Amino acid sequence: MIVLIASFFQFVTSQFQQTTLLEWAAVITGFLCIYLAAKESIWNWPVSIISVVAYGLLFFREAMYGDMTLQIYFLFTAVYGWYFWIRKKVEQHRPISRLTAKQWFLAILFIPLLSILLGWFMDRFTNSNVPYADGFCTAISFTAQFLLTRKILENWLLWVFANICYVPLFIYKNLNLSALLYLVLIIIAFNGYLNWRKTYREQIS
């Protein structure tokens, strides 16, 4: 047992030693921005800008072009979300809202369609070796990020699902530190959902 534990920690240490400074920067700022978003802190947006730039460069290096493009989208939504959250900061607290049944239907329809389109494009026109997996994760994250900028409660449920999907993808791409981060983000995203749901119920009571 002791030998197995020692071997495991040796493996984890070796993986961390192989992690680049770029991935460290992306992971740390990524963790911070999700934590701050779960706390409804407006500072999640400037930290998010740093994170998406770092991850954009990392994904380009790893030929994960769907997720690289997603970071460009994240950059624009971070600026938009920052403005949207701060616009009436003094006058009133921005309320949390929920998806209607129709909006859920549109989201569920949109994600697989975008996944197939992105996967086909990357499979045909890029050197990506994970085109459809990359496309699927990108489509979920795209939708979740838009819902986050609008302070819609269900964004956290989509983030939980997206993070679960990213873990095996990152392991396959040997981005082990990012895989570890996303395991933690599953918990943070679910906690964010519980916190926002509590706030939402207080709003309507």
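Student: How many helices and strands does the protein have?

Tutor: In this predicted model, the protein has 8 helices and 0 strands, and read from the N terminus on, the elements run α-α-α-α-α-α-α-α.

Student: And what share of the residues is buried?

Tutor: Of the 205 residues of the protein, 47% count as buried.

Student: What share of the contacts comes from residues 24 or more positions apart?

Tutor: If you take the contacts in the protein with a separation of 6 or more, then residues 24 or more positions apart account for 72% of them.

Student: Which residues touch the most other members in the largest nonpolar core?

Tutor: That core has 58 residues, and the ones that touch the most other members are Tyr 55, Trp 156, Trp 159, Tyr 166, Phe 170, Tyr 182 and Trp 196. At least two residues of this core come from each of helix 2, helix 3, helix 4, helix 5, helix 6, helix 7 and helix 8.

Student: Which helix gives the most to it?

Tutor: Helix 8 gives the most to this core, with 11 residues.

Student: Let's pick Tyr 55, then. Where does it lie?

Tutor: Tyr 55 lies in helix 3, and because its relative accessibility is 3%, Tyr 55 counts as buried, for which the cut-off is under 20%.

Student: What does Tyr 55 touch?

Tutor: Not counting residues up to four places away in sequence, Tyr 55 touches Ala 26, Val 27, Gln 71, Ser 178, Leu 181 and Tyr 182. If you look at Gln 71 in that list, you will find that Tyr 55 and Gln 71 are 16 residues apart in sequence, while in space they are 7.0 Å apart, C-alpha to C-alpha.

Student: Which other residues of helix 3 are buried?

Tutor: Besides Tyr 55, the buried residues of helix 3 include Trp 45, Pro 46, Val 47, Leu 58 and Phe 59. What covers the buried residues of helix 3 includes helix 2, helix 4, helix 6, helix 7 and helix 8.

Student: How far apart are the end C-alpha atoms of helix 3?

Tutor: They are 25 Å apart, and this agrees with the 26 Å that the 18 residues of helix 3 should span at 1.5 Å a residue.

Student: What follows helix 3?

Tutor: Helix 3 is followed by Ala 63, whose phi is positive, near 60°, and this is a positive value in a residue other than glycine. Ala 63 is found in the loop between helix 3 and helix 4, and Ala 63 is buried, with a relative accessible area of 11%.

Student: What about Asn 174, where is that and what is its phi near?

Tutor: Asn 174 lies in the loop between helix 7 and helix 8, and its phi is near 65°, again a positive value in a residue other than glycine. With 46% relative accessibility, Asn 174 counts as partly exposed, whereas Ala 63 is buried.

Student: New topic: how many salt bridges does the structure hold?

Tutor: The structure holds 2 salt bridges. In one, the side chains of Arg 61 and Glu 62 meet at 3.1 Å, N to O, where Arg 61 is partly exposed at 41% relative accessible area and Glu 62 counts as buried at 18%.

Student: And which side chains meet at 2.9 Å?

Tutor: Those of Arg 98 and Glu 154 meet in a salt bridge at 2.9 Å, N to O. This pair links distant parts of the chain, 56 residues apart, with Arg 98 in the loop between helix 4 and helix 5 and Glu 154 in the loop between helix 6 and helix 7.

Student: Are Arg 98 and Glu 154 buried or partly exposed?

Tutor: Arg 98 is partly exposed, with a relative accessible area of 38%, whereas Glu 154 counts as buried at 2% relative accessibility.

Student: Last one: which residues form the nonpolar patch on the surface?

Tutor: Ile 28, Phe 31, Leu 32, Tyr 35 and Val 184 form that patch, and together they have about 410 Å² of accessible area. Helix 2 gives the most to the patch, with 4 residues; Leu 32 is found in helix 2 and is partly exposed, with a relative accessible area of 39%.

Notes
Residues are numbered from 1 along each chain as its sequence is written. This is a predicted model: local features need pLDDT of at least 70, side-chain atom pairs count only at pLDDT 80 or more; totals for chains, interfaces and linings use all residues. Side-chain values use heavy atoms; hydrogens and water are left out. Patches are made of residues with over 30% relative accessible area and no salt bridge: like charges are joined within 9 Å, nonpolar side chains (Val, Leu, Ile, Met, Phe, Trp, Tyr) within 5 Å. Accessible areas come from the Shrake-Rupley method with a 1.4 Å probe; for residues, only the protein chains shown count as cover. A salt bridge is a side-chain nitrogen of Lys or Arg within 4 Å of a carboxyl oxygen of Asp or Glu. Buried means under 20% relative accessible area, exposed over 50%, partly exposed in between (1.4 Å probe, protein chains only). Contact means heavy atoms within 4.5 Å. A nonpolar core is a set of buried Ala, Val, Leu, Ile, Met, Phe, Trp, Tyr and Cys residues joined through side-chain atoms within 4.5 Å. The expected span of a helix is 1.5 Å times one less than its number of residues.
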